[in-house]
Protein chains: 2
Amino acid sequence: MKEYGIIMAGGGGTRFWPLSRKALPKQFLNLTGKDILVNETFDRLSGAVEKENIFVVTDALYAEKTLEMMEGRVSKEHILEEPAARNTAACIGYAAMEILKKYGDGVLCIVPSDHYIREEALYARTLRQGMDLAKEKDWLVTIGITPDYPAAGYGYIKSGGEEKAGSAVICRTVEEFVEKPSEAVAEAYLREGGYFWNSGIFIWRASVILRAFEKLLPDIYECLTVIGDATGSGREKQILREVYPRIPKLSIDYGIMERADNVVMLEGTFGWNDVGSLDAIALLHQKDAGGNVGVGKHILLDTEGTICYAKNKLIAAAGVKNLIIVEAGDAVLVCPKEKAQEVKKLVEQLKKDGKEEYL
Amino acid sequence: MKEYGIIMAGGGGTRFWPLSRKALPKQFLNLTGKDILVNETFDRLSGAVEKENIFVVTDALYAEKTLEMMEGRVSKEHILEEPAARNTAACIGYAAMEILKKYGDGVLCIVPSDHYIREEALYARTLRQGMDLAKEKDWLVTIGITPDYPAAGYGYIKSGGEEKAGSAVICRTVEEFVEKPSEAVAEAYLREGGYFWNSGIFIWRASVILRAFEKLLPDIYECLTVIGDATGSGREKQILREVYPRIPKLSIDYGIMERADNVVMLEGTFGWNDVGSLDAIALLHQKDAGGNVGVGKHILLDTEGTICYAKNKLIAAAGVKNLIIVEAGDAVLVCPKEKAQEVKKLVEQLKKDGKEEYL
């Protein structure tokens, strides 16, 4: 059976402002100092899926930029352009339909473009196990990450009893998907056990997920059918542009994962982080004796637990603690690490103030 | 009797980095949004002394820049160039000798180039009173500022009993100059009364201060005599360049004020600040409801008591308190307001690290 990799590179990421901008969404950021996130994702995924079978789904706005920034990793044909941002259900449904119609059924290994993985070999091995499962069974496989700490910033998967699959891969049934909990609840999850972080990594056959759309999201499925039926008609692009923007904005979690009865979970122990806000930069770099992380030119005196990210200028800090300081493009950001989420509000405020030039 | 204004514009000011640089010392900074400090000083001083009688003493390095930045306020002849930085005793002795030899004796009203004055009319009136005193008496007049709060960052003048001068100006004898006290001692000074901030403003006749040099600093006086004797010889510049760098580095306070027996003090109630470090910027601007001061482009969310000074970029701050954030040239500075003094150490560290390009 064919195997495909699908990288979801939607765009956005206002919590990484001023590094990320409208014209430079998060997947194009080089946060590690090695490469941009989407390229790291591609290279990592190619440990589990043949390179020439990897696709990137992105907003049409970013298609050209993606082609350019990925430096030959994918061809134009392997960039699936969304005419509008319609959340993950539309994105995944579209990719599944497109691949099924153009290349035939196969296992899809679907990963977000902008996450961090500590152990890449273990990650690839886990994905391969998931693909083996999805080949044999009509299951919707997802990866649940073994929690390191009681994170309040992640959604959780509550797993049920273990179930042994035919290929000797151990996977778990899923009882429930739960939204980001309070810290107290997250602590209880950790104590109780059986809770895993929802990684947003999905593995299933194109035909299996489309059947789930048909059953659980018939309106979306109809749109996908119209799009799929246009394949080879010469009017694909036009139909896509007409139909896609009408697909309801729905996450795959909410639309399918929480409601389907054939969901199973593979445990991911490879070290994962969703790189959700600027404070995650600390995770991607060596810390100095004061627990500081510096990217770019910086000088720190009597400073602790601080992230300095300088694109062009020298950042000099004295006597500060647990701050995030970012200099990029035409802006400088300063906020406490524990308020990294507030950056989103800053961006909203800039938008409200009509300061589009900074977005 | 002739009256002269002398502005001491020595240079330096590493505590204003990254606004101030080697090539742009503090007197050239526009901290108020109106004009650069030395121009504000000139305009203010011209309320007490005729413009055409105002001189600026500065390091030869900055002579051209001074001429340019002062935009016609002074002519080249009124910029007295120090071949090297030798502290205030040398600077004042040189200016006194130069003026005495070239223009004849007169009252010198000597002010630093980089201070803040709240009430300019009252300031000018106080200087005029000082000049009246200095005309009648062979006194060394200084201005002692009535303290607003127990400042630990200023030197103090302990005044003695009152003394009425001939021209009906009330002035005080001086008992002692005291170094920057601890906060507890500063509080005791304020309770006790009779202590004033040492403003670094001096008023005396050229002949009177030179007599004090002769008596108290005979070595420096000898150098000044050699410099003065060269006047009109055509070799002035050469002699100055040879002799000046050999003058010991000494402050006028330490060399003369603390030791002379003809020092009197006029009380200054015009509102004064030495603008000694970046936190003084807060004093020079309207505060918003959160007690923040912003110069240049900035956006603040949930931020209190913070100074944002942006030369080129947008400074965005969220959830921070009592910080100084400065973006200027090739650098960004972040430090707590109460650690504004530490900026000097940052600059020293940059120097030690050989990062001359940032100085």
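Q: What makes two residues count as being in contact here?
A: Their C-beta atoms, placed from the backbone, have to lie within 7 Å. By that test, in this predicted model, the contact between the chains takes 28 residues from chain A and 28 residues from chain B.

Q: Why are the two copies said to be related as by a two-fold rotation axis?
A: Chain A can be laid on chain B by a turn of 180 degrees with a shift of 0.0 Å along the axis, and the RMSD is 0.0 Å. The two copies are therefore related as by a two-fold axis. The same surface serves both copies, as 100% of the contact residues of chain A recur in chain B.

Q: What makes S17(A) and S15 of chain B a pair?
A: Pairing needs at least two bridges, and these strands have four, in the parallel sense. One example is Ala331(A), whose bridge partner in S15(B) is Leu314(B).

Q: In which sense do S16 and S17 of chain B pair?
A: Antiparallel, over six bridges.

Q: What is the strand order of the six-stranded open sheet?
A: The order is S13(A)-S15(A)-S17(B)-S16(B)-S14(B)-S12(B), with mixed pairing.

Q: Why do S13 of chain A and S12 of chain B have one side left without a neighbour in the sheet?
A: Each stands at an edge with a single partner strand, so one side of each has no neighbour there. Neighbouring strands of this sheet are turned by 5 degrees against each other on average, direction ignored.

Q: What does helix H10 of chain B lie across?
A: H10(B) lies across S13 and S15 of chain A together with S17 of chain B, and runs at about 130 degrees to S13(A).

Q: How is chain A divided into domains?
A: The domain assignment gives domain 1 as 2–141 + 197–261 and domain 2 as 278–358. The contact between them takes 11 residues from domain 1 of chain A and 17 residues from domain 2 of chain A, while their C-alpha centres lie 31 Å apart.

Q: Why is Val275(A) called buried?
A: The cut-off is 20 or more other C-beta atoms within 10 Å. Val275(A) has 23, so it is buried. Its phi is near 45 degrees, a positive value in a residue other than glycine, and it sits in the loop between S11 (272–273) and S12 (293–295) of chain A.

Q: What kind of peptide bond joins Trp17(A) and Pro18(A)?
A: A cis bond, with omega about 5 degrees. Most peptide bonds are trans. Pro18(A) is found in the loop between S1 (2–9) and H1 (37–45) of chain A.

Methods. Residues numbered from 1 in each chain as written. Chains lettered and ligands numbered in written order. Predicted model: local features only at pLDDT ≥ 70, side-chain atom pairs only at ≥ 80, totals over all residues. Least-squares fit on C-alpha atoms with pLDDT ≥ 70 in both. Domains from an automatic or database assignment. Helix = DSSP H or I, 4+ residues; strand = E, 2+ residues; numbered from the N terminus. Axes fitted to C-alpha atoms, helices over the stretch in contact; angles between N-to-C directions. Buried ≥ 20, exposed ≤ 12 C-beta atoms within 10 Å, placed from the backbone.
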